[in-house]
Amino acid sequence: MQRRSRFIGFGGYLPERVVTNDELSLQVETSDAWIRERTGICQRHIANEKESCTFMAVQAAKQALEYAKISANEVDAIIVATCTPDKVFPSTAVMVQRELGIEKAFAFDVSSACAGFVFALSVANNFIQMGQAKNILLIGSEVYSRIMDWNDRRTCVLFGDGAGAVLMTAHDQDDGNGVLSVHLHTDGQYSDLLFVEGIPSIGNEGCFLRMNGKEVFRHAVTKLSETVEEALSAHNLSHEDIDWLVPHQANLRIINGMGKKLNLPANQVVVTVDRHANTSAASIPLAMNEAIRDGRIQLGDLVVIEALGGGLSWGSSIFRL
Ligand code: UT7
């Protein structure tokens, strides 16, 4: 029997403050019409000083634990995917450990930009399959508002803040449920297409995200569909077998393009980019949390996730809930 990891808890946190496109258009030369048409984004949540990367991660983690009915002390490992930690070190994950009062777990961060959740999932999945951990809190938490150049209209309209969390557990039944596989890729020759100048942390201003949006867009659709195809073919599955696509939420045009390539009707693709904008490593767990809590994704459904971001790094995973 093959041990698999299974998602049994879900949580999310979005900052209280909502910033509309119209509000941004008072700050930079842009418009609600341009942002909606080119990205599908209508609004984003922006963190206040209290809503740090750790704070949001803890709120999302608490919800995931509650959903899973697992107490904090049953958690063996905490992995946080983030590119916007509160400090260079210690990791956000150990701060979450402290806030949740977990004594025996080990905790660390994974940094892989917008693909961070998929990379961290791969790490967590391997720990579980190897028997090194039974219950893992896997969190994506991002405060991209801290690394925005609020004078750069090409980037500042695209991102938002938030955190999403899942609780993964070892699953030893041969019922086909759980994570089937995770597929990871990077190509450093494109590292200058999307990057942050300097090392950001609270109190270190002037570290801005820079992106060649057009080029990243061009790579996104090709590379994402290749990695989803590789995930499907690894298990002899076809497009028709997919119940849900939960994509990274960068741009509605990329999301729709992926849906089309997979022959999926729009109502089988989970979309949050309109309300959350791009929350980087938090976008997939936030979208999963939403679609599970509102009853769209059900136990036994076959779900595909995919993401691409700075690196370039990209990947996919396929799992049966
Ligand atoms: O999550 C990480 C991965 N990131 C992504 O996947 C992002 C991928 N890229 C994209 O989503 C799109 O490329 C963007 C949304 C960033 C840009 O859309 P685009 O259709 O590629 O626009 P563009 O960059 O070609 O710009 C078109 C025009 C330019 O003006 P000119 O040079 O044609 O006169 C821009 O200066 O739109 C202008 N522009 C804007 N106008 C109004 C750029 N940003 C804005 C803006 N408001 N906010």
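This report covers the nonpolar cores and the aromatic rings of a predicted model.

Local features need pLDDT of at least 70 and side-chain atom pairs pLDDT 80 or more, while totals for chains, interfaces and linings use all residues. Residues are numbered from 1 along each chain as its sequence is written, and side-chain values use heavy atoms, without hydrogens and water.

In soluble globular proteins, nonpolar side chains tend to be buried together. A nonpolar core is a set of buried Ala, Val, Leu, Ile, Met, Phe, Trp, Tyr and Cys residues joined through side-chain atoms within 4.5 Å. The largest one here has 42 residues, of which Y144, L209, L245, L262, L308 and I318 touch the most other members. The most, 7 residues, come from α7.

Rings of Phe, Tyr and Trp (its six-membered ring) pair if their centres lie within 6.5 Å; planes under 30 degrees apart are stacked, over 60 edge-to-face, the rest tilted. There are 7 aromatic pairs by this rule. Y13 and F55 form an edge-to-face pair, because their ring centres are 5.6 Å apart and their planes stand at 85°. Buried means under 20% relative accessible area, exposed over 50%, and partly exposed in between (1.4 Å probe, protein chains only).

| Residue | Relative accessible area | Class |
|---|---|---|
| Y13 | 15% | buried |
| F55 | 23% | partly exposed |

F106, F108 and F127 form one aromatic cluster.

Conventions
Helix = DSSP H or I, 4+ residues; strand = E, 2+ residues; numbered from the N terminus.
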